[in-house]
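Subject: Handover of a structure

Dear colleague,

Please find below the structure that I am handing over to you.

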Amino acid sequence: MPGFIMAGGTEQDSRRSQFYSSKNNHWEMMTVMPSAQYRACAVNIDAYTIWIIGGGSYFEGDYLSRVLAYDFMFHDWTIMKPIKHARDYHDCTMHNDKVCF
């Protein structure tokens, strides 16, 4: 998956997301996110999946525990099990097959 993701934002409808393909040198719209959030972190889980973790929401306030997974093969979002402690303004990465934030 060479490229990068832009997901969410600070507007009232921050459910839109886009993928920039460095191979094709253009932006592609992704399936609309199931819920709005911003200030979340994103991490590649494998070659076809990213997770968007925590952040804030215009509708729900700051410090979300929500985890959304995007599948690039099926172009679909899945709501995952929430994290135990809500996060906002944070980073995340994959280390030794574990998501760290």
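**Contacts of Thr-49 and the surrounding sheet**

Thr-49 is in contact with Val-43, Asn-44, Ala-69 and Tyr-70, leaving aside residues up to four places away in sequence. Please note that this is a predicted model. Thr-49 belongs to strand E5. The residue counts as buried because its relative accessible area is 14%, which is under the 20% limit used for that class.

Tyr-48 is partly exposed, its relative accessible area being 44%. Together with Met-73 and Phe-74, Tyr-48 makes up a nonpolar surface patch, and the accessible area of the three residues together is about 380 Å².

**The sheet**

The sheet is open and consists of four strands, ordered E4-E5-E6-E7, with antiparallel pairing. E4 and E7 are its edge strands, as each of them pairs on one side only. On average, neighbouring strands of this sheet are turned by 25 degrees against each other, direction ignored.

Strand E6, residues 67–71, is mostly covered, with four of its five residues buried. On one side, E6 pairs with E5 through five bridges in the antiparallel sense. E6 is also joined to strand E7 (residues 76–79) by four bridges, and these two strands run antiparallel.

Particular positions in E6 can be followed across these pairings. Leu-68 in E6 stands opposite Ile-52, and its bridge partner in E7 is Ile-79. Tyr-70, listed above among the contacts of Thr-49, has Trp-77 as its bridge partner in E7. As a general point, side chains in a regular strand alternate between the two faces of the sheet.

**The hairpin of E6 and E7**

Four residues lie between the strands of the E6 and E7 hairpin, in which His-75 adopts a positive phi near 55 degrees. Phe-72 is placed in the loop between E6 and E7. Is Phe-72 buried or exposed? Phe-72 is buried, because its relative accessible area of 15% falls under the 20% limit. In sequence, Phe-72 and Ala-47 are 25 residues apart, while their C-alpha atoms are 8.6 Å apart in space.

With kind regards

Terms used:
Residues are numbered from 1 along each chain as its sequence is written. This is a predicted model: local features need pLDDT of at least 70, side-chain atom pairs count only at pLDDT 80 or more; totals for chains, interfaces and linings use all residues. Side-chain values use heavy atoms; hydrogens and water are left out. Patches are made of residues with over 30% relative accessible area and no salt bridge: like charges are joined within 9 Å, nonpolar side chains (Val, Leu, Ile, Met, Phe, Trp, Tyr) within 5 Å. Accessible areas come from the Shrake-Rupley method with a 1.4 Å probe; for residues, only the protein chains shown count as cover. A salt bridge is a side-chain nitrogen of Lys or Arg within 4 Å of a carboxyl oxygen of Asp or Glu. Buried means under 20% relative accessible area, exposed over 50%, partly exposed in between (1.4 Å probe, protein chains only). Contact means heavy atoms within 4.5 Å. Two strands pair if DSSP finds at least two bridges between them. Axes are lines fitted to C-alpha atoms, for helices over the stretch in contact, and angles run from 0 to 180 degrees between N-to-C directions.
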